[in-house]
Amino acid sequence: MRGDMMSEDRAVLSEKLIKLMTLEQVGENEFLGAMTPQENSLGRGRVYGGLVVAQALAAAEATAPHDRPAASLHCRFLREGDEARRIRYQVTRDMDGGSVSHRRVTAEQDGVTILTFSAMLHRRGEGVSHQPDMPNVPSPESLRADFARSADALPFALRRYLSIPRLVEMVPVDHAMLDHKAENIQPFRAWVRPSVLAVDDVRTRRAMLAYASDSALLLAATLRHGLISYRDEIRGASLDHALWIHDDPAADDWMLYVSESPWTGQQRGLTRGHLFARDGRLIASAAQEGLLRLMTPAA
């Protein structure tokens, strides 16, 4: 793993992600989303849930006044999406009040709904404020340098997991958890960055935030039991997802994602997390429940 994380390659990935956040408007309230490039597929043929959430958010905000950014969103994943087909987003304008708007979005492929989505959009104002403190952790730059120095000593599967180029870059703070087969009761912490490119359009930055918010939640539930998908021990699939956006993110800087799982059972897991800007501001809070299925060991 290279410590500089391939700046040119990272810029190419960033351009791809920005294009994925840009919808084609085909009607007053209807939009088409771009498909994930085949070379960046997760390899399972199904659409990454964070992409559908992000594109649905982009569709909702495209129909609302610019001074009303999304404050919260809630969605349910009804069916797996096919990576080889574009997704159509139909927006319903439920309400535009004095300072609050509400939008519902359905995401469809071939007329079949794969996700339902709702968002509250709110004109911001001054008021009381408080937030939790950001944990004191090493910087992403120092962690990457440590990984580069110790790459040969890492287990092969873990080294491969950490080195795969992703549309959302992730640098685990607690990387030992990814190869620890015992219970992990501490939250999972990782630096995430959707893009290395500065993006002026704040709506695109919020869409990328939504995309990144799906990157570490179910991982917290599986790591709670010392299990992880890259070892083919467990498989997860999102059932629902919620995101509360507290502040505007920067597109080209790291956020610390702190995620935990308060409950698992009945083949489901509940997770929640906070996303902090590097300067300590709480940018967003997230929650998700997903299916968790143990894999049968190979004979």
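Biologist: How much space lies in the second largest cavity?

Modeller: About 60 Å³ in this model, which is predicted. The structure holds two cavities of 30 Å³ or more.

Biologist: Let's move to the strands. Where is Ser72 found?

Modeller: Ser72 sits in strand β3, which covers residues 70-77.

Biologist: Is Ser72 buried or exposed?

Modeller: Buried, because its relative accessibility is 11%, and the cut-off for buried is under 20%.

Biologist: What does Ser72 touch?

Modeller: Beyond residues up to four places away in sequence, Ser72 touches Ser118, Ala119, Met120, Leu243 and Trp244. One of these, Trp244, stands opposite Ser72 in β9.

Biologist: How many bridges join β3 to β9?

Modeller: Five, and the two strands run antiparallel. Strand β9 covers residues 234-245. β9 also pairs with strand β12, residues 282-294, over eleven bridges, again in the antiparallel sense.

Biologist: Which residue in β12 is the bridge partner of Ala242?

Modeller: Ala287. Ala242 itself lies in β9, and it touches Ala287 along with Leu73, His74, Ser285 and Ala286, leaving out residues up to four places away in sequence.

Biologist: Why does Ala242 count as buried?

Modeller: Because its relative accessibility is 8%.

Biologist: What separates Ala242 from Glu24?

Modeller: Their C-alpha atoms are separated by 25 Å, and the two residues are 218 residues apart along the chain.

Biologist: Which strand does β1 join, and by how many bridges?

Modeller: β1, residues 24-27, is joined to β2, residues 30-33, by three bridges, and the two run antiparallel. They form a hairpin with two residues between them. Gly27 has Glu30 in β2 as its bridge partner.

Biologist: On to packing. How many residues has the largest nonpolar core?

Modeller: It has 65 residues, and those with the most contacts inside it are Met21, Tyr89, Leu115, Phe117 and Tyr211. Helix α2, residues 49-62, gives the largest share of this core, with nine residues.

Biologist: What does Phe117 touch?

Modeller: Not counting residues up to four places away in sequence, the contacts of Phe117 include Val53, Ala56, Leu57 and Ala60. Leu73, His74 and Cys75 are also among them, as are Arg103, Arg104 and Val105.

Biologist: What lies apart from that core?

Modeller: Another core, of eleven residues, lies apart from the largest one, and Leu143, Phe147, Val173 and Leu256 are among its residues.

Biologist: Where is the place of Val137?

Modeller: In the loop between β6 (112-122) and α3 (140-150). At 15% relative accessibility, Val137 counts as buried. Leaving aside neighbours within four places in sequence, Val137 is in contact with Val173, Arg189, Trp191 and Leu256.

Biologist: Why is helix α5 largely enclosed by the rest of the structure?

Modeller: Because ten of its eleven residues are buried; the helix covers residues 202-212. The buried residues of α5 include Arg203, Arg205 and Arg206, as well as Tyr211.

Biologist: Last topic, backbone angles. Which phi does Asp110 have?

Modeller: A positive phi of about 55°, although Asp110 is not a glycine. Most residues other than glycine have a negative phi. Asp110 is in the loop between β5 (100-109) and β6, and at 64% relative accessibility it counts as exposed.

Biologist: And what about the phi of Gln267?

Modeller: Gln267 is not a glycine either, and its phi is positive at about 65°. Gln267 lies in the loop between β10 (255-265) and β11 (268-277).

Definitions and conventions. Residues numbered from 1 in each chain as written. Predicted model: local features only at pLDDT ≥ 70, side-chain atom pairs only at ≥ 80, totals over all residues. Heavy atoms only, no water. 1 Å grid on protein atoms, 1.4 Å probe; cavity = no way out; pocket = protein on both sides within 12 Å on 5 of 7 lines; lining within 4 Å. Points joined across faces, edges and corners; volume = space filled by probe spheres on them. Helix = DSSP H or I, 4+ residues; strand = E, 2+ residues; numbered from the N terminus. Buried < 20%, exposed > 50% of the residue type's maximum accessible area, 1.4 Å probe, protein only. Contact = heavy atoms within 4.5 Å. Pairing = 2+ DSSP bridges. Core = buried A, V, L, I, M, F, W, Y, C linked by side-chain atoms within 4.5 Å.
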